[in-house]
Amino acid sequence: RIRDWTSAAMRNEKVRGILLRLNSFGGEVDGVFDAADVIREAAKAKPVWASVDDNAFSAAYLLASQADRIYTTRTGGVGSVGVIAAHYDFSRWLNKEGIVPTLITFGARKADFSPELPLSPEAREKLQGEVNRFGMQFVEYVAQARRLTASAVRATEADWYTGEDGITAGFADVLYASTEELIALARSMARRGGLYFSHIRGEAAMLEDAIAEAIRIGEEGGV
């Protein structure tokens, strides 16, 4: 969805800028590099900013890293540029319970990663190779987008950083208060004739504050 929404926003002439708000600890790699490519291409056509509110780790950080600018909070976390894979070996438990699995396969490597069997040296080598391949691709994407060296990104050893430490590591640009962030984005869009729309979800005690904030963003942002 992120890929499709970003692609649609990039093609839509009425969209003057894109703000990605992230709060994720990451996830699986399926499709993440394709989504990162779309964000990177969108950033060539119009402003794309990432707002870390409050976490952008691993796959989520890969997406954030492709934006023009990354905002984070004092408690916002970024990084974890690494890859992990797990194999669970239940063979001892099955043996203890008296359960003997029979696997019928076509192809000598078909059951390499089956949890019913111990991980063979060949399967471990294969899996480690894939982890390394995806890991280096991750490092290269972040290094290129964040204007860092691949060695500097790899030297983080998949560590994560909060607040100012994320900026020091080169993984974020600015600490923000959300209103100021939106004002800055509005100013950038104003130069391109953009408009600011706000979806106000607070309709109770905070309604007046939300309306006042929206008005302030429009006035100070020039949209």
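## Salt bridges

Let's start with charge pairs: the structure holds 8 salt bridges, each being a side-chain nitrogen of Lys or Arg within 4 Å of a carboxyl oxygen of Asp or Glu. This is a predicted model, in which local features need pLDDT of at least 70 and side-chain atom pairs count only at pLDDT 80 or more, while totals for chains, interfaces and linings use all residues. Residues are numbered from 1 along each chain as its sequence is written, and side-chain values use heavy atoms, with hydrogens and water left out.

One of these bridges joins R109 to D112, with 2.4 Å between the closest N and O atoms. R109 is partly exposed at 46% relative accessibility, whereas D112 is buried at 11% (buried means under 20% relative accessible area, exposed over 50%, partly exposed in between, using a 1.4 Å probe and protein chains only).

Another bridge pairs R146 with D173 at 3.0 Å, N to O. R146 sits in helix 5 and D173 in the loop between helix 7 (164-168) and strand 6 (174-175), so this pair ties together parts 27 residues apart in sequence. Helices (H or I, at least four residues) and strands (E, at least two) are DSSP runs, numbered from the N terminus. R146 is buried, at 12%, and D173 is partly exposed, at 32%.

R216 is partly exposed at 31%, and E220 is partly exposed at 36%.

## The nonpolar cores

The largest nonpolar core has 34 residues, and V48, Y61, V81 and F171 touch the most other members. Such a core is a set of buried Ala, Val, Leu, Ile, Met, Phe, Trp, Tyr and Cys residues joined through side-chain atoms within 4.5 Å. Helix 2 gives the most to this core, with 7 residues.

Beyond its neighbours within four places in sequence, V48 is in contact (heavy atoms within 4.5 Å) with residues including I18, L20, I39 and A67. A second, separate core of 5 residues includes W49, Y71, Y176 and M189.

## A loop residue

V29 lies in the loop between strand 1 and helix 2, and is partly exposed at 29% relative accessibility. Its C-alpha atom is separated by 33 Å from that of V100, 71 residues apart along the chain.
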